[in-house]
Amino acid sequence: MKRDTIITIALSVASPLLFHSCNNGNDKAPALRNVVLTQVSSISNEASTNYPGVVEEGASISASFMADGKIQSISVKEGDRVRKGQLLASLDDSDYRIGVSQLETQFAQMTREKERMDAMFEKHNIAPNDYEKFQAGYEQLKLQLDMAKRKLGYTRLYSPANGYISTKFMNPGELVGAGTPVFNIVDDSQLNANVGLPVSVYLNKENIKSAKGKVPGVEADIPLTIVSFTPDPDNSMLYRMKLSIPSAYARELSPGMNISVWLSTSESTTAETLVPSRAIFAEEGNTYVWVYNPQDSTIKRTAVTIEGVPSGGNSVVKGLSNGERIVETGVKQLYEGEKVNVLNRSDIGI
């Protein structure tokens with residue numbers, strides 16, 4: 001009896017102490033586990049394919065007189081380089097000079113007559129209707145003189161652009177009409193590359209990301225800019241694409257050269273993403289990553305499928321969205337819904 005009483009008293013004293021001790025442990029908030037996050041980035045399928053092309057002049061211009069006449073002289077020959085505004089050829093202008101001289105004489109006489117008519121009109125010695133007719137005739141003669149002088153200027157043919165004479169169609173002594181081509185001038189300050197594309201590439205032309213050219217003898221790759229596509233195929237069922245070549249390469253290239261055009265194409269973004277391999281863990285034969293929720297700092301287990309063999313410490317996976325943040329370190333010690341503390345990568349020397 002004594003022994004039972006002692007045990008009962010001991011338990012009654014120990015129970016409050018045990019209860020107090022348990023309460024003290026539950027009052028403490030559990031420490032948050034530190035993690036480092038990485039952002040998921042989408043990848044795309046890219047390819048680079050080359051197609052044969054030809055260097056072409058940027059513009060081919062026909063130079064012609066704006067007046068009729070007999071060619072008196074030609075100052076250039078085929079192959080000569082010319083600059084814009086340079087004299088190329090001239091017509092026999094004797095008839096045009098005579099016409100200008102006659103009109104200048106008539107205009108001088110009419111100008112003196114105008115001075116007399118103005119004085120008479122101020123003194124009301126001439127009817128207003130007669131004075132208006134004279135003024136109209138005076139203005140008409142002035143226009144005729146201006147036009148004659150302009151046609152005289154048309155007897156000189158100047159180069160409309162920088163480039164070189166590719167073709168000369170006429171010779172001195174020949175009669176030429178206004179608008180008839182006398183020279184063909186190639187403006188080679190801006191060259192183009194012309195390349196034929198198969199229908200599969202043409203239909204997906206929006207996926208062409210960039211283009212560059214390679215020419216034998218030119219060490220550097222030539223950056224190309226797409227100018228246009230021809231919507232109708234040629235006899236070879238190829239769709240023509242025109243690309244501009246920077247003017248800096250104009251002296252190294254010439255029309256007719258072969259050029260290999262490399263096109264970098266990209267399919268639309270796939271569901272594949274790139275993540276660090278150590279962020280992936282396995283459970284019961286499946287692979288997962290921890291996706292971080294910035295709203296409440298918790299993590300969620302998300303299943304992923306590994307595509308291909310990991311390389312360079314990274315793996316290509318499916319099952320994630322571009323921009324999501326996942327836990328990169330210590331993934332095997334975490335549990336579903338756990339709240340974590342995010343560290344900067346520099347804090348742990350990553």
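**Group meeting: a walk through the chain**

Okay, let's start with surface: the chain exposes about 21500 Å², and carbon and sulfur atoms supply 51% of it. Those areas are Shrake-Rupley with a 1.4 Å probe, and for residues only the protein chains shown count as cover.

Quick housekeeping. This is a predicted model, where local features need pLDDT of at least 70 and side-chain atom pairs count only at pLDDT 80 or more, while totals for chains, interfaces and linings use all residues. Numbering runs from 1 along each chain as its sequence is written, and side-chain values use heavy atoms, with hydrogens and water left out.

So, what's in there? The chain has four helices and 22 strands. Of the 350 residues, 31% are buried, with buried meaning under 20% relative accessible area, exposed over 50%, and partly exposed in between (1.4 Å probe, protein chains only). Now contacts, meaning heavy atoms within 4.5 Å. Take those between residues at least 6 apart in sequence: 75% join residues at least 24 apart.

On to helix 2, residues 94-122. How far apart are its end C-alpha atoms? They are 42 Å apart, which agrees with the span that 29 residues should give at 1.5 Å a residue. That expected span is 1.5 Å times one less than the number of residues. The buried residues of helix 2 are V100, L103, F107, M110, K114 and M117. Look at that spacing with this in mind: an α-helix has 3.6 residues a turn, so residues three or four places apart point the same way. Helix 3 (128-153) is included in what covers helix 2's buried residues. After helix 2 comes H124, with a positive phi near 60 degrees.

Next, strand 15, residues 272-276. Four of its five residues are buried, so strand 15 is largely enclosed by the rest of the structure. Which strands pair with it? Pairing here needs at least two DSSP bridges. Strand 2 (residues 41-42) runs antiparallel to strand 15 and is joined to it by two bridges, with S42 opposite T273. Strand 20 (residues 314-318) is also antiparallel to strand 15, through five bridges, and there V275 stands opposite S315.

Last stop, Q86, in the loop between strand 5 (81-82) and strand 6 (87-91). Is Q86 buried or exposed? Its relative accessibility is 18%, so Q86 counts as buried. Leaving aside residues up to four places away in sequence, Q86 touches V76, R81, L157, Y158 and S159.
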